[in-house]
Amino acid sequence: EILRVTGVQTCALPICGTLTTVVAPSCADMTTNGELNGPVSGNAIPGWTANAATLSIVDWGGRTGVLAVVDAGGFSSALQTHATTVGVTYDISFDVWADVSAGNTAGQTYCTTTDSNGLLDIHEGTTSVGRHGEVKLCPTMPGSAWETVTGQFTASSDMTTYAFHSESQWTAYFDRISITPAACGSDRSEEHTSELQSLAGS
């Protein structure tokens, strides 16, 4: 995932030197089932499990087959864990439809804690989501349209868990997520934004 440079001493008499090998970063999307496709089986979809939430695949907001996350307890979410590289910054883009008009149900500023509907909660160094994550990416629209949320985080652990969160009586709807090293550029984010604009204009 990161750029690595290795030096190997080599000789071809009468000249000796160091052979340098450069390994380019992998720019493949790191998520499993980033399209969030079903079917739902055992309250999970391929690549994603549930924590104190009920998962379903529904048609919503002009889109078909999107992931609905319904609160069923504390830190309700659909989650996935995968390996990350310490010190590497990652670009994240996902599509969400969530009512955020109630703000933060714990009386805090919206998006400062997990008590906020429709956010992506990022947990480093653990597979557990029963706490507030280190990084949060949040929608800003009041649940009247699909929104593409983009952001970055820099890994401080070799394992990271991503959790789509719903809050209290509100259902949060998610459709697609991509996670790529920031060094790869924003091609996938631009692709998603273009598709969203295309859908809005159709």
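Q: In what order do the five strands of the open sheet stand, and what makes their neighbours count as paired?
A: In this predicted model, the order is E3-E6-E11-E8-E9, with antiparallel pairing. Two strands pair if DSSP finds at least two bridges between them. The strands (E, at least two residues) and helices (H or I, at least four residues) are DSSP runs, numbered from the N terminus. E3 and E6 have three bridges, E6 and E11 have seven, and strand E8 (residues 120-124) and strand E11 (residues 159-165) have five; these counts meet the cut-off of at least two, so these strands are called paired.

Q: What makes E3 and strand E9 (135-137) the edge strands?
A: Each of E3 and E9 pairs on one side only. Neighbouring strands of this sheet are turned by 30 degrees against each other on average, direction ignored. Such angles, on a range from 0 to 180 degrees, are taken between the N-to-C directions of axes, which are lines fitted to C-alpha atoms (for helices over the stretch in contact).

Q: Which residues stand opposite each other in this sheet?
A: Isoleucine 122 faces tyrosine 162 in E11. Threonine 49 has leucine 79 in E6 as its bridge partner, and histidine 82 has threonine 160 in E11.

A note on the numbers: residues are numbered from 1 along each chain as its sequence is written, and side-chain values use heavy atoms, with hydrogens and water left out. As the model is predicted, local features need pLDDT of at least 70 and side-chain atom pairs count only at pLDDT 80 or more, while totals for chains, interfaces and linings use all residues.

Q: Why is threonine 160 called buried?
A: Buried means under 20% relative accessible area, exposed over 50%, and partly exposed in between (1.4 Å probe, protein chains only). Threonine 160 has 0%, so the word buried applies. Threonine 160 is in strand E11.

Q: How do you know that the side chains of threonine 160 and threonine 84 make a polar contact?
A: A polar contact is a pair of N or O atoms within 3.5 Å; within protein, one must be able to donate a hydrogen and the other to accept it, and residues adjacent in sequence count only if both atoms are side-chain atoms. The two threonine side chains are joined at 2.9 Å, so the distance meets the limit. Contact in general means heavy atoms within 4.5 Å. Beyond its neighbours within four places in sequence, threonine 160 has contacts that include Gln80, His82, Ile122 and Phe153.

Q: Why is E7 said to be largely enclosed by the rest of the structure?
A: The reason is that eight of the nine residues of E7 are buried. E7 pairs in the antiparallel sense with E10 over eight bridges and with E12 over seven bridges. Phenylalanine 94 stands opposite valine 149 in E10, and valine 96 stands opposite phenylalanine 174 in E12.

Q: What makes a set of residues a nonpolar core, and how many residues has the largest one?
A: A nonpolar core is a set of buried Ala, Val, Leu, Ile, Met, Phe, Trp, Tyr and Cys residues joined through side-chain atoms within 4.5 Å. The largest has 27 residues, and Leu36, Ile92 and Phe94 are among those with the most contacts inside it. Elements that give two or more residues to this core include strand E4 (53-60), strand E5 (63-71) and strand E7 (89-97). A second, separate core of five residues includes Val66 and Trp97.

Q: How do you know that cysteine 27 and cysteine 184 form a disulfide?
A: A disulfide is a pair of cysteine sulfur atoms within 2.5 Å. The sulfur atoms of this pair are 2.1 Å apart, so the pair meets the definition. The pair links distant parts of the chain, 157 residues apart. With -85 degrees about the S-S bond, the link of cysteine 27 and cysteine 184 is left-handed.

Q: What stands out about the backbone at asparagine 33 and proline 39?
A: Phi of asparagine 33 is near 55 degrees, a positive value in a residue other than glycine. A cis peptide bond joins glycine 38 and proline 39, with omega about 10 degrees. Most residues other than glycine have a negative phi, and most peptide bonds are trans.
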